[in-house]
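Hi everyone, thanks for coming.

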Amino acid sequence: MRHHQILRYTLIGLLFIIQLLFLLAIFRENMQSPWIAVFIIALSILILLSYIRAPIHHDKHLYDHIWVAAGVPIGALICYYLHTQLHLGTVLSAGIVGTAASFLPAINKNSNYLSQIPAAIYCGAFVGMSSGGIANGFSFILAASICTAVLLIVSKSLFSGIGGKLGTLAFLGVSLTYLLIFLIK
Amino acid sequence: MDMLILIFVGIAGSLLSYYTNVSLRQGPIRASAMLTMIVAGFLYLFPNLLSPYLTKNIPYVFIGASFIGMVSSHQLSSHLGIGLAGLIFTFIFLHTSRFFDGFGGALGTSACVSILAVMSIPFLKTNRKVTIGFLQLRRLVFRKKRRRKIRRV
């Protein structure tokens, strides 16, 4: 029970830190404009307020099934292939992967597994949207998508019903993988 | 002018996606992905229809705004809130840091930040609740005083 709580708060902390770092980068680059600086500070305070008071997390900590999370690398590799090899553009590639995934539950409407897999595949598509400058090949995308899949498994009860959750997880997965590779090199 | 068009795309993208998700009951994934595929596919097929700046940025603004529309109606059900989140998202997108350029999921993070900012607004009204509480307390005290006066009379 205690391990679940530690994991839960660590993940919430990580997600908050990555969002704050994202805003901090905007703040740093736009310091000459006071309005943007004020806007970013206000946003940071508002998201902190939401983290503390809004009912964005389930009380019970749940885990996604590992086979559901297996959809993340599949979505990531297909999306990366579509935009780097077929030059369809990152957004169109993610749109195609997400649309195709959204029709998978129609194969068997009673299947609980098929009803959960579209979110994992679409989450993977966001990882696959990474540009060539960040992701230097399929191996990086595979590593980042496995990292994102782990985050998806442990974050089932966090950010329930919040748009952008999958994107934030993908961003955290890509950033952690990039940081790890940078430190190893 | 280009900025205004992107703001319009941000607001319209979030509202359209929310409508497809909740009112048309297509689910969050299809609502976001299918609309994005239509918009990005149209601009991919007709790249010279708009200026190069808009052709490049409209798909990014639209997909990011469509993530806002993926929100559950239990969490955010106001169309005004969804539109406001779309506006905040476009503003973040227009000033986004070059440091995170090319990182997958950056648009989703911006969308999530926008939604969380909008969702925190009701909690800013706590002072008002305190004031209402204070007023109720005052009424209670005054009522007691009035009752005492009536009894004396």
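So, which domains does the domain assignment give for chain A? There's domain 1, at 2-53, and domain 2, at 66-184; bounds like these come from an automatic or database domain assignment.

Quick housekeeping before we go on. This is a predicted model, where local features need pLDDT of at least 70, side-chain atom pairs count only at pLDDT 80 or more, and totals for chains, interfaces and linings use all residues. Residues are numbered from 1 along each chain as its sequence is written, while chains are lettered from A and ligands numbered from 1 in the order in which they are written.

Now, confidence. pLDDT is the predictor's confidence in each residue, from 0 to 100. Chain A has a mean of 87, with 98% of its residues at 70 or more. For chain B the average is 84, and 82% of the residues score at least 70. The complex gets an ipTM of 0.89 and a pTM of 0.85 from the predictor. Within chain A, the element with the lowest mean pLDDT is helix α3(A), residues 66-69, at 82, and the highest is α5(A), at 93. By the way, helices here are DSSP runs (H or I, at least four residues; strands are E, at least two), numbered from the N terminus.

Taken over C-alpha atoms, the centres of domain 1 and domain 2 of chain A are 23 Å apart. In chain A, 7 residues of domain 1 are in contact with 7 residues of domain 2, contact being C-beta atoms, placed from the backbone, within 7 Å. On the domain 1 side, that's 6 nonpolar, 1 polar and no charged residues. For the classes: Ala, Val, Leu, Ile, Met, Phe, Trp, Tyr, Cys and Pro are nonpolar, Asp, Glu, Lys and Arg are charged, and the others, Gly among them, are polar.

Let's look at some helix pairs. Start with α1(A), residues 2-29, and α2(A), residues 34-53: their axes come within 9 Å and cross at roughly 170 degrees. That's why we call α1(A) roughly antiparallel to α2(A). The cut-offs: under 35 degrees is roughly parallel, over 145 roughly antiparallel, 65 to 115 roughly perpendicular, and the rest oblique. The axes are lines fitted to C-alpha atoms, for helices over the stretch in contact, with angles from 0 to 180 degrees between N-to-C directions. Among the residues that meet here are Phe16(A) and Leu20(A) from α1(A), and Ile40(A) and Tyr51(A) from α2(A). By class, this contact has 10 nonpolar, 2 polar and no charged residues.

Next pair: α6(A), residues 112-128, and α7(A), residues 138-154, with axes that come within 10 Å and cross at roughly 140 degrees. So α6(A) and α7(A) are oblique to each other. Their contact includes Ala120(A) and Gly124(A) on α6(A), and Ile141(A) and Thr148(A) on α7(A).

Finally, how many residues of chain B are in contact with chain A? It's 46 of chain B, against 49 of chain A. On the chain B side, α2 (28-45), α3 (52-68) and α5 (106-119) each give two or more residues, and the largest share, 11 residues, comes from α5(B). That side has 27 nonpolar, 17 polar and 2 charged residues.

Note on methods: Contact = placed C-beta atoms within 7 Å.
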